Amino acid sequence: MVSTYFSYSYITRNLRQSLTRVEQQPDVAREAAYYRANIGKVRTVDDFMKDYRLYHYAMKAYGLEDMAYAKAFMKKVLESDLNDSKSFVNKLVDKRYREFAAAFSFNGTATPVAQSDNQTDEMIGLYTATKKSQVDALASDSSYYSAQIGSISSADQILNNDRLRNYVYSAYGIDQNKWPPATISQVLRSDPSDPNSYVNTTFASQLSGLNAQLAQAKSDASAANTNIANYMAQLSQPGANVPQLQVQILVEKHHLETYNNSISSLNDQITEIGGFVDLAGAFEFLPDGSLPAGVPAQTAANIALTKKRFDDSKADVYAAASPIYEALAIKQFRADLLKINSVQAFVSTPGVYDFALGAVGLDPAKVSKATIKAVLESDPSDPKSYVYTLKDDRYVQLARAFNFDAKGNLTTPLVAQDAAEVLQIAKDYVIQAVKSASTASTKQQAAVRAQATKDATAYQEAIAGIDSVSDLLANRPMVDLILLAKGLDPRKVGDDFLKKIFASDLNDPKSFANTQSDPRFAEIVASFNFDSKGNVARLPMMGPQKRDQLRETQANYVQQSLEQQQGDTNPGVRLALYFQRKAGEITSAYDILADKALSEVFRTTFDLPDQMAAMPIDQQAKFVDRFMKIQDLSDPAKVAKLLNRFSAMYDVKNSESTGQGQSPLLNLFQGSSSGISGISESTFLAIAKLRSH
């Protein structure tokens, strides 16, 4: 039999070629093709388990072939909530079950929602920032007005300065869409104390007639209210002609609506005329638009009055930015957001509609709901979609803030990474950081964990702002965190290499990412939702699996096949390959001791007796820590060195059994254990201590 050392060394030196050979084997290729062709048809756990080939393929991929019979048990695993520490799968000691559950999305990891938690938090933050910005802009406008009004020498100077004109119009309630500058110029040149001035002859002269119409409209409205009350009272009288009275009530209500509309219109006209008169009185311009010698455009009192009127006209803006109003608006937004299940519901719910438009700086009163519906039904990842034809980033911002499809129905969030992926990266980063400090003092380890947790939280917050590959690669600290989470050394990964990795087509086995000897780079790319152009997109699911889940399952199947085939010839090679695959996940001595195959590799490597497994677990852990540095298991070179030693020691240990039946080490993958009796635990402890020296 070829030695374990030679076989393992040959395979690892040519691991990519070895995996490719296995992948191309007819039976492996056939099962992989079947899985890829049919997993997309699966909708439920029952669908999955009913298909023997799909189910057994996945079970083998995660090393659970021997549990394929336990369908009720495995169904509970697949239906577990991975985010609930008390869920069924999270209570199981064997990590393979959690890995298996994480490979599928039966439990709704990509649930359609109007907004994700991150989107909601971002919108609330944007709302607060926008309201503050609007108040700051008003303060800036007032400062500008104060600074400029003293240098004004003619009426037209105000009207020709957009910022001054808008300020004055707002202060005096002038609708610039209704009144041309020429009209307002005439008003500014008027003297309200002169009955023959433009403002009096054109506008103020209308007041007596408008006031008379207003008085009549109020009288008519009062009479209509009285009539309605009388008719309502008659309805309850004996012998009342109810149908006729109801008709009369409807007629009077129609009249009342007409009178009230007239009252509102008349009040607006009277207020508008009052604004013109006040505007004329607030400035000192002569009929030709100039100023008397030495006279400013406004007195100090009129400047103060204009600024007060401006602030009053913006009362809604100031109110919306107040802490109390903001808190109420945010509370209402959160409550109403739960009711949103379509674009139509969105535009019909003021608590959400007004808040969202206000957050991006749009005025709900000035934008049609039809436009907003079209915006929300646009695809922000498609530069040709409707939202981009508006040439306004506020609409794009709104479209990105909500999750609706082209039909106005809920869809999944448009994010660079799904929430489960983000959480996994964050967890893995903390684990790797703690692992790197395994030999440090308890205090130092606590500090490392605290900083790593802080960094991971920052990643979870920052990833929401990534819209493309270029955004991601421009944030090197974020990229480094991802690499570290995967057990990779950022110092050895250059920017150009990363660009090539992310530009790779993962469906092409010959692409740059897929031809790397280390599969972790392709795994990183697969964990992001980037399309072929490098933009964030909603990538289609393959039934219950996302792109990275499908890729991982198929890669695991090939790896398992390689290990099993090697184990049929030499169990030691299988042990070494298994340890190499699991090394990066080991965070403590207990991870090794909890896995029979890993612990066998450890004992064989350091020539420790099998009876060591009978010792108390804490004592075994001390031996692991004495012989191995857990942080070294993140370094592929050190792992390779350790396994080279293992393979040599394995050959020495098993040389006497060469040519005998199947090695009992195969039982390590079948749940059995071995032991040698006749020697006491204390004897083996003494031997182990001697060897440690």
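Tyr-10 is partly exposed, with a relative accessible area of 37% (buried means under 20%, exposed over 50% and partly exposed in between, with a 1.4 Å probe and protein chains only). The model is predicted, so local features need pLDDT of at least 70 and side-chain atom pairs count only at pLDDT 80 or more, while totals for chains, interfaces and linings use all residues. Residues are numbered from 1 along each chain as its sequence is written, and side-chain values use heavy atoms, with hydrogens and water left out.

**Surface**

- Tyr-10 belongs to helix α1 (residues 4–13) (helices are DSSP runs of H or I with at least four residues, numbered from the N terminus).
- Val-2, Phe-6 and Tyr-10 make a nonpolar surface patch of about 290 Å² (patch residues have over 30% relative accessible area and no salt bridge, and nonpolar side chains are joined within 5 Å; areas come from the Shrake-Rupley method with a 1.4 Å probe).
- Asn-225, in helix α13 (residues 207–235), is partly exposed at 43% relative accessible area.

**Cavities**

- The structure holds two cavities of 30 Å³ or more (a cavity is a set of points on a 1 Å grid over the protein atoms alone where a 1.4 Å probe fits but cannot get out, and lining residues have an atom within 4 Å of a point; a volume is the space filled by probe spheres set on the points).
- The largest cavity has about 40 Å³ of space, and its lining has eight nonpolar, no polar and no charged residues (Gly counts as polar, and Asp, Glu, Lys and Arg as charged).
- Helix α26 (476–485) and helix α27 (495–502) each supply at least two residues of that lining, and α26 gives the most, with three.
- The second largest cavity, of about 30 Å³, is lined by residues including Leu-376, Ser-378 and Arg-538.

**Salt bridges**

- The count comes to 28 salt bridges (a side-chain nitrogen of Lys or Arg within 4 Å of a carboxyl oxygen of Asp or Glu).
- Arg-96 and Asp-94 meet in a salt bridge at 2.6 Å, N to O; Arg-96 is partly exposed at 23%, as is Asp-94 at 28%.
- Arg-189 forms a salt bridge with Asp-156, their closest N and O atoms being 3.4 Å apart. This pair links distant parts of the chain, 33 residues apart: Arg-189 in the loop between α11 (181–188) and α12 (198–202), and Asp-156 in helix α9 (residues 155–160).
- Asp-336 and Lys-339 form a salt bridge with closest N and O atoms 3.2 Å apart; Asp-336 is buried at 6%, whereas Lys-339 is exposed at 56%.

Conventions. 1 Å grid on protein atoms, 1.4 Å probe; cavity = no way out; pocket = protein on both sides within 12 Å on 5 of 7 lines; lining within 4 Å. Patch = residues over 30% accessible without salt bridge, like charges linked within 9 Å, V, L, I, M, F, W, Y side chains within 5 Å.
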